[in-house]
Amino acid sequence: MTGSHQTLTLLLFSAVVAATLAITSWAGSRRPGSAEEFYAGGRLFSPVENGFAIAGDYMSAASFLGISGLIALYGYDGMLYSIGFLVAWLVVLLLVAELVRNCGRFTLADVVAARMRERPVRVALGASSVTVSVLYLVAQMVGAGSLVGLLLGNGGGAAHTWTVLGVGALMIIYVCLGGMRATTWIQIVKAVLLMGGALGLTVLVLVRFGGDPGALLTSAAERSGHGKDFLAPGLRYGGGWTSRFDFISLGLALVLGTAGLPHILARFYTVPTARAARRSVVWAIGLIGSFYLMTIVLGTGAAALVGTNAVRQSSPAGNTAVPLLSEELGGGAGSTGGAALSALAAAVAFATILAVVAGITLAASAAVAHDLYASLRGGRAGRPRRLGKGRKGRPGRRGERTEAQDAGRSEVVVAKVAAGAVGAVAVGLSLLAQELNVAFLVGLAFAVAASANLPVLLYALFWRRFTTRGAVWAVYGGLVPSVALVVLSPVVSGAPQALFPGMDFACFPLENPGLVSIPLGFLAGWLGTVLSREHPDEARHAETEVRSLTGAGAV
């Protein structure tokens with residue numbers, strides 16, 4: 001890019017940052033900083049607003065940049081990411097949305113702790129939620145670095161480092177000053193921008209090929225360098241047994257992982273009722289489904305118009321496919337139209353990153369404060385009021401309320417401190433992972449979520465005999481193997497694009513651990529329960545079942 005074109009892009013980036021900071025300032029000044037306001041935005045959002053926010057939270061840099069890049073590089077195999085991310089929402093809609101809204105208060109641990117001993121469950125799920133959130137944050141920051149690297153022509157230099165540091169600072173500001181209210185409105189605005197930008201680019205790609213998808217696919221296959229193989233399975237996940245098992249592992253992680261993502265589950269607490277939560281998911285599915293169909297057009301368009309080799313030369317992981325496609329659609333490299341359209345696409349992607357990192361950081365800080373800190377402090381972090389307990393005046397009622405408010409305010413302070421700590425860890429890891437594809441990194445986060453969070457959530461909601469030991473074993477039985485297998489995989493060492501390419505201690509052949517770690521999570525939960533001497537609390541299970549299905553007694 002020329003200096004004037006870089007200036008245009010930087011101005012658009014600055015406008016995005018200024019708009020998000022303005023939203024944060026407006027939202028932060030609206031209401032007092034209670035725990036319910038900070039974690040759930042006062043539960044005042046409508047289903048439509050929350051549906052757009054869920055879509056904004058879910059359609060991340062991995063979707064806009066990573067999936068399009070994988071399709072441009074690997075064709076059919078890259079499309080599997082689009083399908084997996086979309087199908088996952090059926091699991092959320094059918095099994096999770098209403099039940100989680102009725103049983104919980106702020107975090108995933110609220111749902112499980114409603115019928116278990118609180119402290120061990122909250123500690124385990126708090127640790128798991130932070131781990132998943134950090135992995136997801138790393139993917140977003142890698143995407144931000146790739147954007148600025150393309151802009152300045154220096155993907156691995158100081159610009160990348162300063163971009164990651166800047167995104168880390170901004171996400172801490174969003175969370176500390178605006179909480180859930182600011183995060184939600186940033187995600188709503190971002191969802192509108194992203195859908196508009198993706199739709200505009202999709203229309204331009206189809207117009208270039210006369211509205212004929214067949215011509216688009218044929219051209220993409222020709223310029224990919226792989227011919228017809230580009231449109232057939234096998235470029236990335238074909239060949240030996242390792243690649244095929246990696247494909248199965250990825251599919252399991254994508255389809256099951258969404259229902260265990262802390263920042264997605266937290267969105268169900270921002271609406272007033274379970275019915276509103278379900279309607280939010282319906283809105284979100286419509287938006288997300290439309291978007292993932294467009295990523296297929298964008299990825300194949302990048303292969304057809306830019307060329308797979310050009311995309312790979314710009315970014316070996318394919319993270320710059322959409323900006324390169326935008327430049328080509330606007331008139332090509334060096335043209336004013338190309339630079340302007342590329343700048344707009346990069347600004348939309350940057351807004352996407354800022355919105356998503358805010359939601360993830362808020363979920364991670366809530367897990368630290370509401371689950372870990374509250375458990376160590378010894379308080380009842382968030383168990384809903386027991387059914388049948390009326391509101392008749394009891395001695396000390398006002399004192400109890402004041403004590404709860406003080407505890408909630410202290411949690412908010414801890415959450416803000418935790419946001420800074422989580423941000424620092426994510427920044428450090430993202431600087432190491434800059435050569436990895438962002439969609440692939442998100443796939444790892446999904447695998448950990450499906451291994452550690454989903455088993456305990458489903459057992460707690462549907463298994464009458466489930467015990468505290470089973471819950472703790474389910475979390476650690478999925479969390480520890482999934483993280484350990486990632487560390488021992490080619491993602492970390494033994495490959496040119498690994499975190500530590502100069503080292504080789506990889507002994508697990510698969511890049512995604514889901515095929516092994518997800519069954520281990522379910523198995524550990526079952527073993528912990530059947531080997532436990534603890535008798536399941538039938539009364540609490542009945543209470544949780546009634547609350548989850550009817551909403552009676554829900555917060």
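**View 1. Thr242 and the residues it touches.** Leaving aside residues up to four places away in sequence, Thr242 touches Pro509 and Leu510. This is a predicted model. Along the chain, Thr242 and Leu510 sit 268 residues apart, yet in space their C-alpha atoms are 6.3 Å from each other.

**View 2. Thr242 in its helix.** Here we're looking at helix α10, which covers residues 241-257 and includes Thr242. Is Thr242 buried or partly exposed? With a relative accessibility of 24%, Thr242 goes down as partly exposed, because buried would mean under 20%.

**View 3. Helix α5 against helix α10.** Two packed helices are described by the angle between their axes and the distance between the axes. For α5 (residues 76-103) and α10, the axes come within 7 Å and cross at roughly 40°. That angle makes α5 oblique to α10. On the α5 side, the contact is made by Leu80, Tyr81, Gly84, Phe85, Val87, Ala88 and Val91; α10 brings Phe247, Leu250, Leu254 and Val255. What kinds of residues make up the contact of α5 with α10? Ten are nonpolar and one is polar, with no charged residues.

**View 4. Stepping back to the whole protein.** Zoom out and you get 21 helices and zero strands. There are 555 residues, and 57% of them count as buried. Among contacts with a separation of 6 or more, 84% come from residues 24 or more positions apart. As for the surface, the protein exposes about 20200 Å², with carbon and sulfur atoms supplying 65% of it.

Terms used. Residues numbered from 1 in each chain as written. Predicted model: local features only at pLDDT ≥ 70, side-chain atom pairs only at ≥ 80, totals over all residues. Heavy atoms only, no water. Helix = DSSP H or I, 4+ residues; strand = E, 2+ residues; numbered from the N terminus. Buried < 20%, exposed > 50% of the residue type's maximum accessible area, 1.4 Å probe, protein only. Contact = heavy atoms within 4.5 Å. Areas by Shrake-Rupley, 256 points an atom, 1.4 Å probe, with all protein chains shown as cover. Axes fitted to C-alpha atoms, helices over the stretch in contact; angles between N-to-C directions. Parallel < 35°, antiparallel > 145°, perpendicular 65-115°, else oblique. Nonpolar A, V, L, I, M, F, W, Y, C, P; charged D, E, K, R; others polar.
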